[in-house]
Amino acid sequence: MRRMNDRKYSIIVVCVLYACLFSVALLNFVVDPFYIFRTPFLKVRPQINDRYDKITFLEKNKKNFNSYIMGSSRMLSTHPVNIERYVPGAKFYNFSIVMGTVYDHYMHLNYFINKGYPVRCLYIGLDIDFCFLTTKYHEKDSLFRLHPDVSNESRCGYYWFYLSILPKGDLRRKLKWNLSRKKMPSQEYGKDGGSKPETEDKRIFEERREFGAGMIHNKVGNENIKILRKMVALCRQHGIQLIMIVNPPSRIAMDHYEEDDYLAFLKELADVAPFWDFSGYNSITTNLQNYIDHAHYKSSISRLMAARIFSDKTLTVPRDFGVWVTKENIDSHLESLKMTIKKNREKTGV
Amino acid sequence: MLFNSYAFIFLFLPITFAGYFILNRKKLTLAAKTWLVLASFFFYGYWNPIYILFLLGSVVFNYAVGSILIHKSNSPASSRLMLVVGIAGNLFLLAYFKYMDFFITNINAVSSLNLKLLHIALPLGISFLTFTQVAYLVDAAKGMVRDHNFLNYSLFATFFPRLLVGPIVRYREIVPQFDAPLRNKLLNYKYIAQGLTLFFLGLFKKVIIADRLAGWANPGFDAAASLTLVEAWITSLSYTLQLYFDFSGYTDMALGASLLFNIKLPINFNSPYRSLTIQEFWRRWHMTLSRFIRDYIYIPLGGSRGSELRTLLNILATFFLVGLWHGAGWTFIVWGLLHGFALAVFRLWQKTPLRLPRFVSWLITFNFINAAWVFFRAQTFSGAMKVLKGMAGLSGVTLPQGFAPFLSALKEYGIQFGNLFQTIPWESKTLNCFILAFILAVFFKNSNQFVDKLKPNWRTVIALSVIVVYAILNLNRTNEFIYFKF
């Protein structure tokens, strides 16, 4: 083959290099798989980075709210209006985020306080499994990356990250959903941050989603407890009313929690602050009709949880659903949980 | 700053390159050199600007000691004293930053003092910087350093392509290139073509091969206790290949980036996994380190000039230090001693008339290297032993389910049939990469040989473009270079 001169060879390689970079950036910008750039070309959004999305929304609307619901997607079914009725003067925004961790909640609370957002009340839902599995997502986890103002990184670097990654699966999915003839559901939130009422509770519990083999152990030790302590201290320092709850996982999820780790976590949690415990095997968690999948309960259940917390007598809440746990009663609570765990796991053969 | 980052490839390198050649074109060679030094400091301080002070302090100290050493009016005794002071200063810094917690851990293990660990942040590249500067001081004391000035010395010590992970260079092989006539400081398209090719081959080795293999090596070492025979072998071999492609990939990028500035750095790898003996391995693996330990540790210890026993002890002592240099942990020391022991055995073997067929020789050498890397990679000694136990089949043998109908008799001997990949994740892409890596490492020309004979044409430009595109598209998933922590 004919020899090419070195200059031409070098120029072609450099041109290919920059063309490649430019193409990737353009593709990411146009498709916008995590809805960071707000590009209008593809309307259906299979997923969005809700950590970024909700902070961006609040930048413009912070004055409309003075209280926050925090948690993972399981808390999305908790409608602000259902809590506001019990907390006079409170205007809640549902800041629940997909796969939200204690670290995320702490960072967001810190951000609200530092930015001078009014925060009167914090209604926070904890998930045992997330507390066992992780503290902080990797910074390259595009879907869960915190807003740059929250993580204190440069906006330039943040946007560059989303222009330069090539999330093949996410790009493909967004393109496919937008080109599909079927009407595909778009991920979006109501103006109060919660899921839109018309999309919720329509799904029914269809299948037993497998957790994979084995039990869920606490892999992160007491890291999340340490973060929670900092969060509680922050609330005390700023006079924020903190309502902490442990979410009710379905019995299918409960079956997979390693008993000793689960009970030890609750014990440590009681040492951090009093909380409402809705977990364990009880008349709500053992009835799969209350769930849309193994982890996500319906909004009717979140309504019952609020009724239990705020002693609303107009609703009938099962007696075994929700226990106010403090340092003083934690041991008796754990004994009672142990008994129900034993009884239920014997029954199901776990 | 990482070589495999957008910031380096698309901003830092082009800007530094353009600045250097613009200044040279205007005959401002001193300014061009200063520009490279400033760029190197920026490169080093990119993660944490406080490191710049460390680097600056180290450079100034060594330059000052070197200036005294090369002064001809010194008496031999005062020269020796200055050399000891200089080397001790460098080793003290290395010991403080790198080995203090290791030292405290061992004190705690043999006493009841229960001293608190310091958790000192390790400045990047400190091990390489120390060796480079120690070599300079020794050369200065021997009168082998000429054309000594602060700018040249700063550039020698901090030149960004080799600053963090080497190659470990000598003053006399790099500084004359900084002082080359102006015509050698203008754009040289031959070097640019070679440099770009080498840089992107290195990027491909790191991003596509090494990082993909980490997908098997990391989970394997994390779950060492539950590895079956096949998984244990896959884990260790994946790491063996990952380490080579990671480190040699970095070195290729360093050599390539350096060539863009018309500076030739010494090569560091010459297809080490083709070695037929352990001695040959150390002539092909991390060659500039081997040269350093030979010239500055092994020979000063006496080398092979004394009795046979003394020579063997010198080899063991040298490799003890090689192990310790790599990391503050007993696993690294065991790894170093294993290599020292193997070299000692090889030396004795050479004195016998026995010779092995080439393939057997390669097989033994390769497997020894592979087994020794297990200590290098494992977090703890027991972790390494678990992987080795798995490789020996002592943690259970599982064969593919498809073999069960034919080999069911083996069940009596404890052999199970089922999924081969129980602990490490099965991925066909990783398997393809594993096979490709092995073939490239053992049978193909290495990147330096390829670039030496580079004849640009449409075929090579298309091949390199594919490599560039593939590597750039995967750039955001990359990890740090393994040798960064050493």
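## A bent helix, a domain boundary and a chain contact

In this predicted model, helix H4 of chain B contains 35 residues, yet its end C-alpha atoms lie only 42 Å apart, short of the 51 Å that a straight helix would reach at 1.5 Å a residue. H4(B) bends by about 65° at B:Tyr99. Buried positions in H4(B) are B:Met82, B:Leu83, B:Gly86, B:Asn90, B:Leu94 and B:Lys98, and the buried residues of this helix pack against helix H3 (50-70) and H5 of chain B. An α-helix has 3.6 residues a turn, so residues three or four places apart point the same way.

Chain B is assigned two domains, domain 1 covering 6-187 and domain 2 covering 192-479. Taken over C-alpha atoms, the centres of domain 1 and domain 2 of chain B are separated by 28 Å. The contact between them draws 26 residues from domain 1 of chain B and 22 residues from domain 2 of chain B. On the domain 1 side, at least two residues each are supplied by helix H1 (6-25), helix H4 (76-110), helix H5 (126-141), helix H7 (160-163) and helix H8 (171-178) of chain B, and the largest share, 5 residues, comes from H5(B).

The contact of chain A with chain B takes 19 residues from chain A and 20 residues from chain B. Helix H1 (residues 6-31) of chain A gives the most to the chain A side, with 11 residues.

A:Leu146 lies in the loop between helix H5 (128-133) and helix H6 (148-151) of chain A. Is A:Leu146 buried or exposed? A:Leu146 counts as buried because it has 23 C-beta neighbours inside 10 Å, where the cut-off for a buried residue is 20 or more. Not counting residues up to four places away in sequence, A:Leu146 touches A:Arg51, A:Asp104, A:Met107 and A:Ser151. A:Asp312, by comparison, is 166 residues apart from A:Leu146 in sequence and 36 Å apart in space, C-alpha to C-alpha.

Key
Residues numbered from 1 in each chain as written. Chains lettered and ligands numbered in written order. Predicted model: local features only at pLDDT ≥ 70, side-chain atom pairs only at ≥ 80, totals over all residues. Contact = placed C-beta atoms within 7 Å. Helix = DSSP H or I, 4+ residues; strand = E, 2+ residues; numbered from the N terminus. Domains from an automatic or database assignment. Buried ≥ 20, exposed ≤ 12 C-beta atoms within 10 Å, placed from the backbone. Expected span 1.5 Å × (residues − 1). Bend = angle between axes of the 7 residues up to and from the residue.
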